[in-house]
Amino acid sequence: MIECLFRNKTGKMPIFILKTIFLILRTLKNLTVMAFNFTDDNFKQKVAESMPIVIDFWAEWCGPCRMVTPIIEELAAEYEGKVLIGKMNVDENSSTPAEFSVRNIPTILFIKNGEVVERHVGAASKAVLQQKVEALL
């Protein structure tokens with residue numbers, strides 16, 4: 001008979017093992033979906049597709065942008081297949097931000113049917129951004 005090394009004498013798995021497994025699985029799930037990397041080259045093609053889009057214009061050196069990044073990543077995972085959520089680095093891509101008159105970062109555009117339906121400038125909570133994403137659906 002083979003015994004599971006993680007089970008105690010009663011045959012049940014200790015709670016700390018279950019919690020550890022849960023945390024590992026949750027981390028792996030979050031790693032599998034990342035925000036899409038928009039560029040000047042792929043932006044128009046993605047907008048032409050029928051899916052709503054949320055795009056965060058950001059830069060490495062921007063403190064508020066770094067605060068928004070984990071929220072954008074979480075929303076990308078939560079709305080995968082419903083809304084294309086991604087980021088565009090304004091230091092590496094200048095045409096698209098200029099086209100949308102992005103003067104401050106972070107600027108987040110909410111696009112539906114190829115039209116900007118909402119614009120958010122500055123850092124925001126997940127609840128605020130999630131409400132705007134829901135309005136796209």
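Over residues 1–6 the pLDDT stays under 50, and for this stretch the model has four contacts beyond four places in sequence, where pLDDT is the predictor's confidence in each residue, from 0 to 100, and a contact means heavy atoms within 4.5 Å. The protein as a whole averages a pLDDT of 85, with 77% of the residues scoring at least 70. This is a predicted model, in which local features need pLDDT of at least 70, side-chain atom pairs count only at pLDDT 80 or more, and totals for chains, interfaces and linings use all residues. Residues are numbered from 1 along each chain as its sequence is written, and side-chain values use heavy atoms, with hydrogens and water left out.

**The loop between α4 and β4**

- Proline 106 lies in the loop between α4 (95–99) and β4 (107–112), helices (H or I, at least four residues) and strands (E, at least two) being DSSP runs numbered from the N terminus.
- The peptide bond that joins isoleucine 105 to proline 106 is cis, with an omega of about -5 degrees.
- Serine 101 is also found in the loop between α4 and β4, and, although it is not a glycine, serine 101 has a positive phi of about 55 degrees.
- Because its relative accessibility is 41%, serine 101 counts as partly exposed, a class that lies between buried (under 20% relative accessible area) and exposed (over 50%), with a 1.4 Å probe and protein chains only.

**The loop between β4 and β5**

- Asparagine 113 has its place in the loop between β4 and β5 (115–121), and its phi is near 55 degrees, a positive value in a residue other than glycine.
- Asparagine 113 counts as exposed because its relative accessibility is 66%.
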